[in-house]
Amino acid sequence: MKKTALGVMLVMILSAFFACGAFAAEDTKADGGFDFLTFAKERVLPDFHPTVKPEEAESNYVEEPFYKGDGVIRAKVGIFYKGWIQQHSMELEIDLRTEDRKVRVNVIKDTNKMNLAGARFFKDGEWVSLASVGWK
């Protein structure tokens, strides 16, 4: 009887231990409730290339969101879109500061190279409020 009780307790303790480990691992990949992929397509892409239709673009993670430190979550996003003549792609590094809900966008690569006017909101290395770009 003692062995059975000890066995059940051991199983419960190990289950709790592994469950806590799973939650911790999931938390390190958390995105802070922020949809990096949709944000890149609907806000960042039109800011750099206003003639591109965001609904026709595709986005994916080059690097999944992770906690960088100091309350900042970082993700690298690739966007693929059709230009006037050919397919183009952008690679972005997006930082989200969770305490004040601000983002910083750095363009790592852009095959279009036709962004003569520059970005309206997302200047390289500057923090921008999500509310100022119409994002929740």
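**View 1. Glu93 is in contact with Arg74, Ala75, Lys76, Arg104, Val105, Asn106 and Ile108, leaving aside its neighbours within four places in sequence.** Contact means that heavy atoms lie within 4.5 Å. The model is predicted: local features need pLDDT of at least 70, side-chain atom pairs count only at pLDDT 80 or more, and totals for chains, interfaces and linings use all residues. Residues are numbered from 1 along each chain as its sequence is written, and side-chain values use heavy atoms, with hydrogens and water left out. Glu93 belongs to strand β3, residues 87-97. Helices (H or I, at least four residues) and strands (E, at least two) are DSSP runs, numbered from the N terminus. Glu93 counts as buried because its relative accessibility is 14%; buried means under 20% relative accessible area, exposed over 50%, and partly exposed in between, with a 1.4 Å probe and protein chains only. Ala75 lies 18 residues from Glu93 in sequence, yet the C-alpha atoms of the two are 5.9 Å apart. In β4, the residue opposite Glu93 is Asn106.

**View 2. The side chain of Asp95 makes polar contacts with two arginine side chains, those of Arg74 and Arg104.** A polar contact is a pair of N or O atoms within 3.5 Å; within protein, one must be able to donate a hydrogen and the other to accept it, and residues adjacent in sequence count only if both atoms are side-chain atoms. The value is 2.7 Å to Arg74 and 2.8 Å to Arg104. Asp95 is in strand β3 and counts as buried because its relative accessibility is 0%. Leaving aside neighbours within four places in sequence, the residues in contact with Asp95 are Val72, Ile73, Arg74, Lys102, Val103, Arg104 and Trp127.

View 3. Two strands pair if DSSP finds at least two bridges between them. Eight bridges connect β1 (residues 58-69) with β2, eleven connect β2 with β3, and eight connect β3 with β4. Tyr61 has Val77 as its bridge partner in β2, and Tyr81 stands opposite His88 in β3. Eight of the eleven residues of β2 are buried. In a regular strand the side chains alternate between the two faces of the sheet.

View 4. Asp70 is in the loop between β1 and β2, where the hairpin has two residues between the strands. Asp70 counts as exposed because its relative accessible area is 75%. Arg101 counts as partly exposed because its relative accessibility is 29%. The hairpin that joins β2 to β3 runs through four residues.

**View 5. The largest nonpolar core has 26 residues.** A nonpolar core is a set of buried Ala, Val, Leu, Ile, Met, Phe, Trp, Tyr and Cys residues joined through side-chain atoms within 4.5 Å. The residues with the most contacts inside this core are Phe34, Phe36, Phe39, Ile79, Leu92, Ile94 and Phe122. At least two core residues each come from α2 (36-48), β2 (72-82), β3 and β4 (102-110), and α2 gives the largest share, six residues. In soluble globular proteins, nonpolar side chains tend to be buried together.

View 6. Phe36 is in contact with Asp31, Tyr61, Pro65, Ile73, Ala75, Val77, Ile94 and Leu96, leaving aside its neighbours within four places in sequence.
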